[in-house]
Amino acid sequence: MIESLLLNFLFLLFPVLTFLIFFESRFHTYNQYFLTLLSSISMVLCMAFPIRLEIGFIFDLRYIPFLIIALFGGFKFTFPLFIVLNAYRFLVGGEGTIHSFIFASVIFIIVPLLHKWFMNQSTKKRIWSAVMVSILTMLLYLTILGTLLPVLNREFWTLTINALTTHAVVMFIIMILIEQILANIKKRESIQQSERFNIISELSASVAHEIRNPLTVTNGFLQLLKNSQNITQEEKKYIDFSLVELKRAERIVSDFLAFAKPQSENMIFSNLKEETEYVKDIITPFSNMHQVDIQYKFTNTLNIQYDKNQMQQCLLNLYKNGIESMIENGGVLSINVTELKNDIIIKIKDTGVGMTKKEVLQLGRPYYSTKNEGTGLGMLMVYSTINKLNGKIEVESEKGKGTTFIISIPA
């Protein structure tokens, strides 16, 4: 039994180790499909080499990868595993094939429904939730098995203890490994983001002022040249184009300087109420112009120390981006500032065009923007400001349904 148990455990480690070696350092959305494939292989191997008890019963750990994919991925990624599981079970044949199909169908219908709830839990709660789901799944399986047996003898109860203990312990270990990998990915991304901000801040602070001086001089001479009586209308049109581009360059330089400044000039200690309301008031005419309704709610009592001007600019960028995503059809911009334990939570939700997962992963990178004329510096300034406060930004978005920014700042 010990040999077959260790072999099954090795099969379950196969997807985790493969991801850790080949994919952890280059996380992309398509990795979910590779993990589903690897989990299918792991599941089939567990079924091909089951755990044999000395009392005659056999069981396997096929439902551990099935449950993990169901909890982390939902119906979309569980369906291929459901097909593979039943296809292989019918291929093996023998007694209990129909019962296995019915049981797998019930698990497939119920467990993925927990996906959204599961993903909103903390790391510890996700681990224990997965363990409980695994135990409940096996309890259901053993209950059905018990109804099919003529008598519940000692051998059945030995199987029950072994199956429940094995599933609970193995699920616990696998979930710890998965959560640690996810934590490492987030930590690495946070470190890379901080390094990126530091490098860009240093470059922008040293270069922006040097660029602004010749821009100002060039703009002045072009204004004088435009007022000259010795140039044609065609030449004036070219000057107008040049002035527009100079203005755009000036705006980019200003954006650079905005997030390069340290938080020291206008430091205050407050609960963000004044800043969130002020920015809401100045952005309201812009929202009215584009048929966007602003819904605002503030219930926070926690205070933090921050640069007032930078925070206002950060909120303005987020509000403006949300409204611009709803320009075509209008919509609702929801702003909710609340508290959770010792964190201030700012939730900004729009009903605009939304983003793909790939686009969400690119947010905060220099010169990446979903807008045709955007520079990406606005969002870079947002991430930089929140990073200075040791805060975190989570983005939930779906194409065609809208985007939600969830900012948590420790108080």
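**Salt bridges, helix packing and a hairpin**

A search of the whole structure finds ten salt bridges, a salt bridge being a side-chain nitrogen of Lys or Arg within 4 Å of a carboxyl oxygen of Asp or Glu. The structure is a predicted model, in which local features need pLDDT of at least 70 and side-chain atom pairs count only at pLDDT 80 or more, while totals for chains, interfaces and linings use all residues. Residues are numbered from 1 along each chain as its sequence is written, and side-chain values use heavy atoms, with hydrogens and water left out.

The chain has 13 helices and nine strands; helices (H or I, at least four residues) and strands (E, at least two) are DSSP runs, numbered from the N terminus. Of the 411 residues in the chain, 42% are buried. Here buried means under 20% relative accessible area, exposed means over 50%, and partly exposed lies in between, with a 1.4 Å probe and protein chains only. Among the contacts with a separation of 6 or more, 72% are between residues 24 or more positions apart, where contact means heavy atoms within 4.5 Å.

Helix 3, residues 63–73, is mostly covered, since eleven of its eleven residues are buried. Its buried residues include Y63, P65, F66, F72 and G73. After helix 3 comes G74, which has a positive phi near 80°.

The next topic is a pair of helices. Helix 4 (residues 75–92) packs against helix 5 (residues 97–110) at an angle of about 175°, and their axes lie 10 Å apart. Axes are lines fitted to C-alpha atoms, for helices over the stretch in contact, and angles run from 0 to 180 degrees between N-to-C directions. The two helices are therefore roughly antiparallel to each other, a term for angles over 145 degrees, whereas those under 35 count as roughly parallel, 65 to 115 as roughly perpendicular and the rest as oblique. Helix 4 contributes F75, T78, F79, F82, L85, N86, R89 and F90 to the contact, and helix 5 contributes T97, I98, S100, F101, A104, S105, F108 and I109. By class, this contact has ten nonpolar, five polar and one charged residues. Ala, Val, Leu, Ile, Met, Phe, Trp, Tyr, Cys and Pro count as nonpolar, Asp, Glu, Lys and Arg as charged, and the others, Gly among them, as polar.

Individual salt bridges may now be considered. K273 and E277 meet through their side chains at 2.9 Å, N to O. Because they are four residues apart in helix 10 (residues 273–289), about one helical turn separates K273 and E277. K273 is partly exposed, with a relative accessible area of 35%, and E277 is also partly exposed, at 27%.

Another salt bridge joins the side chains of K308 and E274 (3.1 Å, N to O). This pair links distant parts of the chain, K308 in helix 11 (residues 308–324) and E274 in helix 10 being 34 residues apart. K308 is partly exposed at a relative accessible area of 25%, as is E274 at 47%.

In the salt bridge of K399 with E359, the closest N and O atoms are 3.6 Å apart. K399 is in the loop between strand 8 (392–398) and strand 9 (402–410), and E359 is in helix 12 (residues 357–362), 40 residues apart.

Strand 8 and strand 9 run antiparallel and are joined by seven bridges; two strands pair if DSSP finds at least two bridges between them. I406 in strand 9 is the bridge partner of E394. The hairpin has three residues between its strands, and G400 there takes a positive phi near 85°.
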